[in-house]
Amino acid sequence: SLPVWISKDDDIFSQFEQMIKDLESIPALKGKTNEISQRIPLIIRYNVLSMETLPEMLSHPGQNGHLPLAGIGLYFWPSFFNHDSRPNASRYGVGDIMWFVANRDIPVGTEICISYIE
């Protein structure tokens with residue numbers, strides 16, 4: 001049976017699950033694909049950044065509101081940013097492009113934090 005996170009009619013996730021199964025052929029991963037299949041959805045769930053919370057979404061709605069701009073993305077480097085109620089960086093996005101701007105000088109070695117709730 002398919003993992004709970006895969007829709008039966010979603011071909012992309014079926015392909016993704018097949019790629020996980022194909023990992024069995026790698027000796028170091030033999031016997032670990034079930035764990036990988038269970039962990040991947042959690043990694044994605046806790047590391048995606050949603051577009052509907054970006055400040056740009058709060059102004060200039062189109063005829064259909066902000067629906068065309070809403071979505072989520074799994075961005076590699078930004079997924080490492082932690083939340084802070086006084087973030088030293090802000091995120092912006094247009095379409096599927098997201099960028100970050102420092103709110104103030106950030107000394108070398110200081111963790112870059114964003115607000116998860118904008």
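Lys30 and Glu24 form a salt bridge, with 3.8 Å between the closest N and O atoms; a salt bridge here is a side-chain nitrogen of Lys or Arg within 4 Å of a carboxyl oxygen of Asp or Glu. The search of the whole structure finds 2 salt bridges. This is a predicted model, in which local features need pLDDT of at least 70 and side-chain atom pairs count only at pLDDT 80 or more, while totals for chains, interfaces and linings use all residues. Residues are numbered from 1 along each chain as its sequence is written, and side-chain values use heavy atoms, with hydrogens and water left out.

**Salt bridges**

- Lys30 is exposed at a relative accessible area of 58%, whereas Glu24 is partly exposed at 25%; buried means under 20% relative accessible area, exposed over 50%, and partly exposed in between (1.4 Å probe, protein chains only).
- Arg39 forms a salt bridge with Glu35, and the closest N and O atoms are 3.6 Å apart.
- Arg39 and Glu35 are separated by about one helical turn because they are 4 residues apart in helix α2 (residues 33-47).
- Arg39 is partly exposed at 48% relative accessibility, and Glu35 is partly exposed at 43%.
- Side chains of opposite charge can pair when their charged atoms come close.

**Overall make-up**

- The protein has 2 helices and 6 strands, where helices (H or I, at least four residues) and strands (E, at least two) are DSSP runs numbered from the N terminus.
- The order of elements from the N terminus on is α-α-β-β-β-β-β-β.
- Of the 118 residues in the protein, 24% are buried.
- The protein has an accessible surface of about 8,900 Å², and 60% of this belongs to carbon and sulfur atoms; accessible areas come from the Shrake-Rupley method with a 1.4 Å probe, and for residues only the protein chains shown count as cover.
- Among contacts between residues at least 6 apart in sequence, 45% join residues at least 24 apart, contact meaning heavy atoms within 4.5 Å.

**Aromatic pairs**

- The structure holds 3 aromatic pairs; rings of Phe, Tyr and Trp (its six-membered ring) pair if their centres lie within 6.5 Å, and planes under 30 degrees apart count as stacked, over 60 as edge-to-face and the rest as tilted.
- One of these pairs is Trp77 with Phe80, which is tilted, at 5.9 Å centre to centre and 40° between the planes.
- Trp77 and Phe80 are both exposed.
- Phe81 and Phe100 have ring centres 4.9 Å apart and planes at 80°, so this pair is edge-to-face.
- The pair ties together parts that are 19 residues apart in sequence, because Phe81 lies in the loop between β2 (72-73) and β3 (82-83) and Phe100 lies in strand β5.
- Phe81 is buried at 17% relative accessibility, while Phe100 is partly exposed at 25%.

- Val94, Ile97, Trp99 and Val101 form a nonpolar patch on the surface, and together they have about 370 Å² of accessible area.
- Patches are made of residues with over 30% relative accessible area and no salt bridge, with like charges joined within 9 Å and nonpolar side chains (Val, Leu, Ile, Met, Phe, Trp, Tyr) within 5 Å.
- Strand β5 (residues 97-102) gives the most to the nonpolar patch, with 3 residues.
- Trp99 is in strand β5 and is partly exposed, with a relative accessible area of 39%.
- Ser90 sits in strand β4 (residues 89-94) and counts as buried at 17% relative accessibility.
- Beyond its neighbours within four places in sequence, Ser90 is in contact with Trp99, Phe100, Val101 and Asn103.
- The side chains of Ser90 and Asn103 make a polar contact of 2.8 Å; a polar contact is a pair of N or O atoms within 3.5 Å, where within protein one must be able to donate a hydrogen and the other to accept it, and residues adjacent in sequence count only if both atoms are side-chain atoms.

**Asn82 and Ser115**

- Asn82 is in strand β3 and is partly exposed at 37% relative accessibility.
- Ser115 is in the segment after β6 (113-114) and is buried, with a relative accessible area of 15%.
- Asn82 and Ser115 are 33 residues apart along the chain, and their C-alpha atoms are separated by 8.0 Å.
- Leaving aside neighbours within four places in sequence, Asn82 is in contact with Glu111, Ile112, Cys113, Ile114 and Tyr116.
- The side chains of Asn82 and Glu111 are joined by a polar contact of 2.5 Å.
- With neighbours within four places in sequence left aside, Ser115 is in contact with His83, Asp84, Pro87 and Arg91.
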